[in-house]
Amino acid sequence: MRIESIVLRELKMRLKAPFETSSEITWNRRVLLVEVGVDGLHGWGEITAAEDPFYNAETTDTAWHVTRDFIVPLVIGQSVASADAIANLLDPIRGHEMAKAGMENAVWDIEAQQRGLPLAKLLGGTRQEIPSGVSMGIQASIPDLLAKIECELHAGYQRIKLKIKPGKDIEVVAAVRRQYPDIKLMVDANSAYRLEHLELLRTFDQYGLMMIEQPLAWDDIYEHSLLQAHLRTPICLDECIHNASHAEAAISLGACRVINVKLGRVGGHTRARHVHDLSVRHSIPVWCGGMLESGVGRAHNIAMSALPGFTLPGDVSASQRYWNEDVIEPEVEVSPVGTIRVPEKAGLGYGIRTKKVEELTVRQEQWRA
């Protein structure tokens, strides 16, 4: 495969409702899409960086800069035997995993098209459908939250994840458990706590949670190992796992019992498979986290979630939960029993609504070999 053309676009997409975590509230998404051309075929990837550096160090603008000034020069005109070679081409760039993932994943889409295979199958996926859960942003009140959970459960979603932060945590979880004693429930702290919150965090043990996600610092592994030793509730690590080496360190230290794999955070499908394979060898379940992606990123998440180690419901949910109109067709839909079908068409499995992409594009650059 010779990388003949690259187009980088920024789209402005407004969420149907604001999404609040422990660190920020998001209404508008600045979505970066990467389109790669090879032998008349076009592959698509998404750079999932947020607008601000509150999840990790990458932002929309840093990703644009790194892609334009460093990733494109390393990739354009290069010939590769397979998509996983892109990761090696980009190794000289330290960090910036989300920017790298956008480029690499677009080439995976092309390789799957060339081979006439669904991307999920090319990656080694074995599932025909994946279980779907939802992530609930922090709500203005507990009654508002309970009403929204009722809607999501009625829609079929198999797992509810609650965003929490100090002051909006134990009382919220207790109320949800009283109302829904048997649902699959987890919480996500997005690094809002410290070890001195140990007694508060131990309180979660009485609520039968699937896991508590990234309670401590975004770049910490060691202190999570100290915390996990005092909790019955499994800790799931997210922000601090950027590659298989981080995952191996976390597992060896006993810092977690579950790992969230986000394609952007680990640098694309190649590195995501490394984290997946390592976790499977250690009997650590993994699941797919979300970054408020458009349909392009969502489609890549579905393909990755078809791998056999993704045994827990992920954050991959229906397009209509976030967008009035998505940029793919058909849009991602969730069945009444909370599952998403893995596409059987070659490549990404979804068509790109190019007119919609053009309508939403606010800046664009392109390169040819």
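Helices and strands here are DSSP runs, helices of at least four residues in state H or I and strands of at least two in state E, numbered from the N terminus. The model is predicted. The protein chain is assigned two domains, and domain 1 is made of two stretches, 2–116 and 354–368, while domain 2 spans 121–341.

**Domain layout and interface**
- The C-alpha centres of domain 1 and domain 2 are 23 Å apart.
- Contact between the domains involves 35 residues of domain 1 and 41 residues of domain 2.
- About 3,400 Å² is buried between domain 1 and domain 2, and 63% of this lies on carbon and sulfur atoms.
- Between the two domains, 16 residue pairs are in polar contact.
- On the side of domain 1 that touches domain 2, at least two residues come from each of β1 (5–20), β2 (25–38), β3 (41–47), α2 (85–89), α3 (97–115) and α13 (354–360).
- Helix α3 contributes the most to that side of domain 1, with ten residues.
- By type, the residues on that side of domain 1 are 15 nonpolar, seven polar and 13 charged.

**Salt bridges**
- Side chains of opposite charge can pair when their charged atoms come close.
- The whole structure holds 23 salt bridges, and two salt bridges cross the interface of domain 1 and domain 2.
- Asp-91 and Arg-271 form a salt bridge in which the closest N and O atoms are 2.8 Å apart.
- Arg-30 and Glu-10 also meet through their side chains in a salt bridge, at 2.8 Å from N to O.
- Because Arg-30 sits in strand β2 and Glu-10 in strand β1, this pair ties together parts that are 20 residues apart in sequence.

**Annotated region**
- An unreviewed UniProt entry annotates residues 142–234 as "domain: Mandelate racemase/muconate lactonizing enzyme C-terminal".

**Backbone features in loops**
- The peptide bond from Glu-329 to Pro-330 is cis, and its omega is near -10 degrees.
- Pro-330 belongs to the loop between β12 (328–329) and β13 (339–341).
- Gln-214 has a positive phi, near 40 degrees, although Gln-214 is a residue other than glycine.
- The loop that holds Gln-214 runs between β8 (212–213) and α8 (222–228).

Terms used: Residues numbered from 1 in each chain as written. Predicted model: local features only at pLDDT ≥ 70, side-chain atom pairs only at ≥ 80, totals over all residues. Heavy atoms only, no water. Domains from an automatic or database assignment. Contact = heavy atoms within 4.5 Å. Buried area = accessible area lost by both parts, 1.4 Å probe. Salt bridge = Lys/Arg side-chain N within 4 Å of Asp/Glu carboxyl O. Polar contact = N/O pair within 3.5 Å; in protein donor to acceptor, adjacent residues only side chain to side chain. Nonpolar A, V, L, I, M, F, W, Y, C, P; charged D, E, K, R; others polar. UniProt positions renumbered as here; feature names shortened; annotations may be inferred.
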